[in-house]
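The following exercises concern the structure shown below.

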Amino acid sequence: MQVIISSALEQGLIYCFMVLGVFLTFRVLDFPDLTVDGSLPLGAAVTGALIIGGHSPLLATAAGVGAGMCAGMVTGFLHLLLKSGESDSTNYGPKLLAGILTMTALYTVNLRIMGRSNIPLLGVDTIFEKLGNALSLTMIGWNVVLAVGALAIVVKYLLDWLLHTEFGLTLLATGDNEQMIRAMGTNTNFTRIVGLAIANGLVALTGSLVAQQQGFADVGMGLGTIVAGLAGVIMGEVIFGMRSISWVLFSVIGGSIVYRLLIAISLRLGIAPTDLKLLTAVLVVVALSIPTVRSKVVRL
Amino acid sequence: MSAPATLDVGGLRKVFFPGTANEVVALNGIDLEVPAGQFVSIIGSNGSGKSTLLNAVAGTFPLSGGTITLGGRDVTKQAEHVRSRVIGRVFQDPRAGTAPSMTIEENLAISLLRSKRSGLRRGVTNRRREVMRAQLSRLHMGLEDRLKAGVNKLSGGQRQAMSLLMATIAEPSLLLLDEHTAALDPKVAATIMELTAAIVIERGLTTLMVTHNMELALRYGDRLIMMHGGRVVLDLDEQQKSTLEVGDLIEKFHEVAGEAFAVDRMLLE
C-alpha cells in the first residue's frame, strides 16, 4: 500500500506541471490547447537527446522547458494566422486547429530530435541522480516525492506571483473577457502567446522529468496528455474547490495526485494499462457533463 | 493620464463584405469635428451606422477610407489596443465592460493601468485600493466595501457603473458610450445616465454617446447628431437642440431623410 501511495504521489507531482499548464490554457486563457500532446514528448526528446549527447541534466531539463515554450508560441502564432480578422474569443475552431497543427508537426520534430523513436536513459546521469549525489541520498521512493514536491511548490508560488502582477491580471482578463481587456489597451495577441508559452513550458517540464525518472524518452509518450490534464484539472477543482487563484493552483496539483492515485488503484485492481485511456476519457466526459445533466434534470 | 482631446474624423467610409452580394455601406463619408471637452449625443435608426462610427473610431476594424485624428495625432492605422490606451469605452451589454470571474479590485486595477505598460509589479496594491475606494464610493452602491467580491456577483446596473468607472478612471482623451443604458431597467438606466453626465461634465471629457433614446439625446450633451444611411443628416448645437422636443426631432428626421421613419424603439421610454 505504501508503495502505491508513494509512487502515485511521485507520478502525481511529476505530472502536476503538465496539469498546471493545461489549467493555464483551458481555464485561465480559455484556450483548449492540444499542443500539449506534442510538447510533453518534446520536453522528453530534447532532454533525452542532450543528456545522451553528454550535456548536464540541468541544462538538458532547462532546454526541454525552453523547447516547450517555443512550441506554445508557435501555436499562438498559428492561432493569429487562422482566426479571422475580427476576433471572436468564443470561436474555438482556430484555437483547436492551431494546437492540432503544432501537435502534429511536433511528432516529426520529436523524431528528428531523438533520431529514433526511443532513447533509453539508463546508466546515464539524470537530474535525479545529480540531486541524489549532491545530497548523498538515493533518489527513489519518498526522496523523489520530496524533491519533485519542492519543485512543485516553487512553481506553484511562481505562477501565483505572476498571476497577481499587472501582467498577470491582463493574462487572466484575456481569457475572461477579451473585448474588455482589448478596450483597456492590452494586446491580447501578446498575452495569449506568452500564456501559451508558459503553459507548454510546464508541460515540457513534465515530459523532461518523466523521461529522466522512468529512464527513457519515447515519441509516443504524449498520447492522451490533454485528456489526462483535463482529468487532473477537473478533479482538483471538484475535490479541493476554487475559491481563489492561489487556492485553485493547489487544487490542481491535488487533482493531479488524486488522478495518479486512481490510476494506481485501477492497475492494482487488475485493469489493463492499455484500458486506462478509455477510462480517463469516460471520467472526463462524466465530470464535464455533470453540470449540463444537473441543469436539465432540475428543469424537468 | 491624458487630457481630453479633439476628435477629427474626415471622409470616413466603411464597407462590409465588399464585392459580395452581402455588401453593406455602413459609413458613407462621415466628416465630424468634435472639440476637446464636447459631449455629443448620436441618434439614428437601426443600421444608420452610429455604432459602426464608434467602432471605427475605436479601431475595431480597418477602414475602407477616411482619416481619424485624435488630439492632432493621426490614429487611422493605429491598432485597437494602442488606441484603447487613450479611448474609454462602455458597451451596451453590462457584461462586456468587466471581467466576470475576477474581483472588483482586480478589474479596477486593470483600468488604472490602462495608459501604462503592464509590468511585473503587483497588480493590486494598497495605494491603488485607496484610489479604488474613493472612486467607488462616488457610485453610492457600497462597492467600496466589497473590493474582493467577484464581479459576477454584481447586478447589471452595478456592473455597468463599474464599466463606466473603468472607462473613465484613467482620464481618457475620448469616451465612447455605445447605448450603454439600453440594456438596463429604466430606473437603473436613469441612475447610470446621471452618473455618466456627472463624470463627463466634471472631467470635461470629449464624449460620443450613441443612443436609441431621443429624449436622452436631447436632455444630455452639448450637441446632437442624427445619422441615417451611413451619413450625418442632422447636426445641432446646444442652443438649437435646447429648443427642440422629441416630436420636433422626428419631424426633422422626415425632412432630412425624406422617407418613412422607423420609430421602433426610439419613442419608447
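**Exercise 1.** Determine whether strand E3 of chain B is enclosed or open, and state why.

*Solution.* A residue is called buried if 20 or more other C-beta atoms lie within 10 Å of its own, exposed if 12 or fewer, and partly exposed in between, with C-beta atoms placed from the backbone. Strands (E, at least two residues) and helices (H or I, at least four) are DSSP runs numbered from the N terminus. Strand E3 of chain B covers residues 39-44, and because six of its six residues are buried, the strand is largely enclosed by the rest of the structure. In a regular strand, side chains alternate between the two faces of the sheet. On one side of E3(B) lie B:Phe39, B:Ser41 and B:Ile43, on the other B:Val40, B:Ile42 and B:Gly44, and all are buried.

The model is a predicted one: local features need pLDDT of at least 70, side-chain atom pairs count only at pLDDT 80 or more, and totals for chains, interfaces and linings use all residues. Residues are numbered from 1 along each chain as its sequence is written, while chains are lettered from A and ligands numbered from 1 in the order in which they are written.

**Exercise 2.** Identify the strands with which E3(B) pairs.

*Solution.* Two strands pair if DSSP finds at least two bridges between them. With strand E8 (residues 207-210) of chain B, E3(B) forms four bridges in the parallel sense; B:Phe39 has B:Thr207 as its bridge partner there.

**Exercise 3.** Describe the open sheet of four strands in chain B.

*Solution.* The strand order is E2-E1-E4-E5, with antiparallel pairing. Strands E2 (24-34) and E5 (73-74) of chain B form the edges, each pairing on one side only. Strand E4 (residues 65-70) of chain B is joined to E5(B) by two antiparallel bridges, and B:Thr69 has B:Asp74 as its bridge partner in E5(B).

**Exercise 4.** Characterise the overall form of chain A.

*Solution.* Chain A contains twelve helices and two strands. A compact globule of 300 residues would have a radius of gyration near 19 Å, and chain A agrees, with 19 Å. This radius is taken over C-alpha atoms, and the globule rule is 2.2 Å times the number of residues to the power 0.38. Of the 300 residues of chain A, 49% are buried.

**Exercise 5.** Examine helices H1 and H10 of chain A.

*Solution.* H1(A), residues 2-28, has a kink of about 40° centred on A:Cys16; the bend at a residue is the angle between axes fitted to the seven residues ending there and the seven starting there. Because 20 of its 27 residues are buried, H1(A) is largely enclosed by the rest of the structure. Just after H1(A), A:Asp30 has a positive phi of about 55°.

H10(A), residues 225-240, has 16 residues and should span 22 Å at 1.5 Å a residue; its end C-alpha atoms are 22 Å apart, in agreement. The expected span is 1.5 Å times one less than the number of residues. Just after H10(A), A:Gly241 has a positive phi of about 85°.

**Exercise 6.** State how many residues each chain gives to the contact.

*Solution.* Chain B supplies 26 residues and chain A 21, where residues are in contact if their C-beta atoms, placed from the backbone, lie within 7 Å. On the side of chain B that touches chain A, helices H2 (80-83) and H3 (104-112) of chain B each supply at least two residues.

Definitions and conventions:
Two residues are in contact if their C-beta atoms, placed from the backbone, lie within 7 Å.
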